[in-house]
Amino acid sequence: TMNKSKEPIAQVDSAIGVFKNSIRWYGEAAARGSADPAQIYQTAYYTEQAYRAKAKVANEKPNYEGIVAAYEDASKADPRNPEIYVRLAATYDEAGKSRQALDVYKKAVEKNPSNKTVVNNYAMLLAEKGKTREAIKQLNGLIEKHPSYAMAYFNMASVVQKTGKNL
């Protein structure tokens with residue numbers, strides 16, 4: 001019936017509300033030293049997954065604004081967690097907001113310059129958006145800091161190959 005078909009969505013909406021409040025609560029508790037800041041990222045991730053589940057049930061696109069808001073709140077509560085920025089940037093990119101995604105990755109690289117995933121993802125998004133020189137610069141820096149990180153070499157080759165130039 002109609003009533004039953006709406007029930008899963010109402011349950012997901014309820015979960016989303018709890019998760020969104022939990023981001024704030026974990027942030028406050030972490031600031032006092034009474035909670036693990038990693039829980040902030042986990043809760044933002046659960047919020048994202050709830051939004052995606054709701055979209056799947058409703059056969060719609062995810063509420064990107066809601067997902068972005070959850071990760072932005074999480075980044076305020078735990079500004080040094082690179083996973084938050086990776087998910088936030090990926091959400092912006094998936095929503096078609098590449099400029100915002102690049103801005104988030106740039107901020108993440110500034111806060112976490114030695115994080116391989118952050119720098120690698122930033123470089124690849126730069127390359128995807130036609131900013132190959134900046135992508136190569138980021139990948140060169142990544143290789144210098146992490147010479148055994150094979151993914152950086154693979155991605156460097158991929159980016160350079162697209163330019164048609166030699167290193």
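Biologist: How many aromatic pairs does the structure hold?

Modeller: The structure holds 3 aromatic pairs. Rings of Phe, Tyr and Trp (its six-membered ring) are paired when their centres lie within 6.5 Å; planes under 30 degrees apart are called stacked, those over 60 edge-to-face, and the rest tilted. Before the cases, some conventions: this is a predicted model, in which local features need pLDDT of at least 70 and side-chain atom pairs count only at pLDDT 80 or more, while totals for chains, interfaces and linings use all residues. Residues are numbered from 1 along each chain as its sequence is written, and side-chain values use heavy atoms, with hydrogens and water left out.

Biologist: Are Phe19 and Tyr46 buried, partly exposed or exposed?

Modeller: The classes rest on relative accessible area: buried is under 20%, exposed over 50%, and partly exposed in between, with a 1.4 Å probe and protein chains only. Phe19, at 24%, is partly exposed, and Tyr46, at 39%, is partly exposed. A further pair joins Tyr105 and Tyr122: the ring centres are 6.4 Å apart and the planes lie at 40°, so this pair is tilted. Tyr105 belongs to helix α5 (residues 98-111) and Tyr122 to helix α6 (residues 116-128), so the pair links parts 17 residues apart in sequence. Both Tyr105 and Tyr122 are buried.

Biologist: How many helices and strands does the protein chain have?

Modeller: The protein chain comes to 8 helices and 0 strands. Along its principal axes, the C-alpha trace spans about 60 × 45 × 25 Å. Of the 167 residues, 39% count as buried. Contact means heavy atoms within 4.5 Å. Among contacts between residues at least 6 apart in sequence, 46% join residues at least 24 apart.

Biologist: At what angle do the axes of α3 and α4 cross?

Modeller: Two packed helices are described by the angle between their axes and the distance between the axes. Axes are lines fitted to C-alpha atoms, for helices over the stretch in contact, and angles run from 0 to 180 degrees between N-to-C directions. The axes of α3 (residues 64-77) and α4 (residues 82-94) come within 9 Å and cross at roughly 160°. That makes α3 roughly antiparallel to α4; angles under 35 degrees count as roughly parallel, over 145 as roughly antiparallel, 65 to 115 as roughly perpendicular and the rest as oblique. The crossing of α3 and α4 is left-handed, a term for a near helix turned anticlockwise from the far one by less than a right angle, with clockwise giving right-handed.

Biologist: Which residues of α3 and α4 meet?

Modeller: Those from α3 include Tyr64, Ile67, Val68 and Tyr71, and those from α4 include Ile84, Tyr85, Leu88 and Thr91. By class, the residues of this contact divide into 9 nonpolar, 2 polar and 3 charged. Nonpolar covers Ala, Val, Leu, Ile, Met, Phe, Trp, Tyr, Cys and Pro; charged covers Asp, Glu, Lys and Arg; the others, Gly among them, are polar.

Biologist: Is Ile67 buried or exposed?

Modeller: Ile67, in helix α3, has 0% relative accessibility and counts as buried. Leaving aside residues up to four places away in sequence, Ile67 touches Glu48, Tyr51, Arg52, Pro62 and Thr91. The C-alpha atoms of Ile67 and Ala44 are 7.9 Å apart in space, although the residues are 23 apart in sequence.

Biologist: How do α4 and α6 pack, and what is the angle?

Modeller: α4 and α6 pack at about 20°, with their axes 10 Å apart. That makes α4 roughly parallel to α6. Their crossing is left-handed. Pro82, Val86 and Asp93 of α4 make the contact with Thr117, Val118, Asn121, Leu125 and Glu128 of α6. This contact of α4 with α6 has 4 nonpolar, 2 polar and 2 charged residues.

Biologist: What is the phi of Asn59?

Modeller: Most residues other than glycine have a negative phi. Asn59 has a positive value, near 55°. Asn59 is found in the loop between α2 and α3 and is exposed, with a relative accessible area of 72%.

Key. Helices (H or I, at least four residues) and strands (E, at least two) are DSSP runs, numbered from the N terminus.
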